[in-house]
Structures are given as structure tokens and as C-alpha cells.
Amino acid sequence: LGCSEEELLDGAFPPELVAGGQERRVTRGDGRTIWVDARVSPEGVCQFTDVSARRAAHEDLRLSEERLRTMLQTTNEGIWILGSDDLTSFVNARMATMLGTSVDEMIGRPITDFVDSEEEQPALTRLAGRRRLGVADQFEMKWRTPDGREVWTVVNANPIADADGGYGGAFAMVTDITERVWHERAVRASEERYRNIIETTTEGVWMIDADHRTTYVNRRMAEMLGYGVEEMLGRPASDFLAEGGA
């Protein structure tokens, strides 16, 4: 307790114990260390409560929170937490980096400050119409960085309940798929260019599958045979070849 036995017997207790007590670590006779809450009343009555279990629980909680925070900060996914007022209460460094900003610049701001303009209303609708109703979902969302760059993501969003079971905010894991989106766009653009070439060539182009059924013909090929494109699709090549044709 930080005082001698004589001082205890004389009633000369440490002022902080008289004022409200404090937790102290003491060693038992068997050598085991425990934590006690030591209090002394103004009348000089000493009270000791073993709080070892509570201290251990608090330490376990602290370590658990520390591990969770480390996971949130080091994951490759963006983490975004909104409070019940739908303002940002937490984002990890990955989320901030993804949007070309900093954690401090995002805290306290609404999600609509960061989404692309065409995504603003859908974002508000999801918050008001789904998250507040306890609905979790997954969707793609486009963001706009301060320098004007587009960022495409997949968002897994879940509502957070407060102590009374009401709406306490939302939790989202955000995956950057920008590279995939640009690759898909490039593939579509390439396919469109080749399709334009095939459709405008003066040569007939005819594609069939393993069962010799027509999977594609260009307009020139169909015109050459006196059919429409839709009339040829799905039909075997033999329907259009004269007997003895290859």
C-alpha cells in the first residue's frame, strides 16, 4: 500500500487511498501476485478487493483490440467505418491511399465527399434504404480521387448495431478492382475494333463450332448467300452448302 505497518496502525494512510482508492499489485504468501483495489475510509477502515480477474479481462481485451487494429491497418483491403450519423469514424491507411488522400482528411466526413458524382445518390440510397434497415450487400462503386483519377472497387457493406439494437453505423471492406476494370474495357474496345473490321470488310466471314453450327457470320457473308445474319446463326453449315460442297 506504499506505507508502513506502523503508519497503518496509526491511521496515517496514503492520501490517494482515502480520496478514492487505487489498484495495487501485491504478493501473496505463496508467492503469487494479485491485483487488489485498496480503499481506506475517512474513519480508517481498510478495504481490499481482489480485482485480478477484472485486470486480466481488461488486458485480454486490450491485446485483442491491439491485434484487431493491427489487422485492420495491415490488410490489403480498405476498411471504412461510419458512425450512426453516417460520418467517417475510422478508415485504415489502405483505404486512404486507395483514394489518394490521408486518414486524417477522411475522418468526420461523409462518404459522398469521395464518390464519383454519379455515385452520390446511389450511395445515399444504400445508407438510408438498406444499411439503416439492417441489410448487408455487395456492390461495385466508382470513386474520384482529388486529382481526378477514377478508382473502381467492390464494396462489402454491413450495418453496425448499437447497444440498443438500433442503427449504429456501417462497416465496409473495399477491394480495389481498377486494374481489372481497365483491362476489361481494353478487351471490349479491342473486340469492338475487330468486329468493326470484320463487319466492314468486303470478304465474307463465317464461323462454326465443333458441331458445324453457325456461331457467327458477317453481313457480307449473309448477303452473299441471300440470307439475313439472324437466319444463319445456330444452323448447320450443311443447310447452306450445295450437295457435294465442302
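The legends below describe an overview and several close-up views of a predicted model.

**Figure 1. Overview of the predicted protein model.**
The protein contains nine helices and 10 strands. Its chain has 246 residues, and 28% of them count as buried. Contacts between residues at least 6 apart in sequence include 29% that join residues at least 24 apart. The accessible surface is about 15600 Å², and carbon and sulfur atoms account for 51% of this area.

**Figure 2. The largest cavity and the residues around its centre.**
A search of the whole structure gives one cavity of 30 Å³ or more. The largest cavity holds about 170 Å³ of space. It is lined by 17 residues, and those closest to the centre are Ile111, Phe139, Val155, Ala157 and Ala172. By class, the lining consists of 14 nonpolar residues, one polar residue and two charged residues.

**Figure 3. Helix and strands that line the largest cavity.**
At least two lining residues come from each of strand 4 (78-82), helix 6 (120-129), strand 6 (137-144), strand 7 (150-161) and strand 8 (167-176). Strand 8 gives the largest share of the lining, with four residues.

**Figure 4. Met173 in strand 8.**
Met173 has a relative accessible area of 34% and is therefore classed as partly exposed, since that class lies between the limits of 20% and 50%. Leaving out residues up to four places away in sequence, Met173 touches Glu77, Gly78, Ile79, Val154, Val155 and Asn156. The C-alpha atoms of Met173 and Gln138 are 9.6 Å apart, and the two residues are 35 apart in sequence.

**Figure 5. Arg131 in the loop between helix 6 and strand 6.**
Arg131 is buried, with a relative accessible area of 2%. Not counting residues up to four places away in sequence, Arg131 touches Arg126, Ala136, Asp137 and Phe139, and also Ala157, Asn158, Pro159, Tyr167 and Ala170. Two of these contact residues, Phe139 and Ala157, also belong to the group closest to the centre of the largest cavity.

**Figure 6. Asp116 in the loop between helix 5 and helix 6.**
The relative accessibility of Asp116 is 3%, so this residue counts as buried. When residues up to four places away in sequence are left out, Asp116 touches Lys142, Trp143 and Arg144. Asp116 and Lys142 are 26 residues apart in sequence, and their C-alpha atoms are 5.8 Å apart in space.

**Figure 7. Glu119 in the loop between helix 5 (103-106) and helix 6.**
Glu119 is buried, with a relative accessible area of 10%. Apart from neighbours within four places in sequence, the contacts of Glu119 are Arg126, Glu140, Met141 and Lys142. Lys142 is also touched by Asp116.

**Figure 8. Thr178 in helix 7 (residues 178-200).**
Thr178 has a relative accessible area of 12% and is therefore buried, as the limit for that class is under 20%. The side chains of Thr178 and Asp176 are joined by a polar contact of 2.7 Å. Setting aside residues up to four places away in sequence, Thr178 touches Glu150, Val151 and Trp152.

**Figure 9. Asp86 in the loop between strand 4 and strand 5 (88-91).**
Phi of Asp86 is near 65°, which is a positive value in a residue other than glycine. Asp86 is buried, with a relative accessible area of 14%.

**Figure 10. His212 in the loop between strand 9 (206-208) and strand 10 (214-217).**
His212 is a residue other than glycine with a positive phi, near 65°.

Terms used: Residues are numbered from 1 along each chain as its sequence is written. This is a predicted model: local features need pLDDT of at least 70, side-chain atom pairs count only at pLDDT 80 or more; totals for chains, interfaces and linings use all residues. Side-chain values use heavy atoms; hydrogens and water are left out. Buried means under 20% relative accessible area, exposed over 50%, partly exposed in between (1.4 Å probe, protein chains only). Contact means heavy atoms within 4.5 Å. Accessible areas come from the Shrake-Rupley method with a 1.4 Å probe; for residues, only the protein chains shown count as cover. On a 1 Å grid over the protein atoms alone, a cavity is a set of points where a 1.4 Å probe fits but cannot get out, and a pocket is an open set with protein on both sides within 12 Å along at least five of seven lines; lining residues have an atom within 4 Å of a point. Grid points are joined across faces, edges and corners, and a volume is the space filled by probe spheres set on the points. Ala, Val, Leu, Ile, Met, Phe, Trp, Tyr, Cys and Pro count as nonpolar, Asp, Glu, Lys and Arg as charged, and the others, Gly among them, as polar. A polar contact is a pair of N or O atoms within 3.5 Å; within protein, one must be able to donate a hydrogen and the other to accept it, and residues adjacent in sequence count only if both atoms are side-chain atoms.
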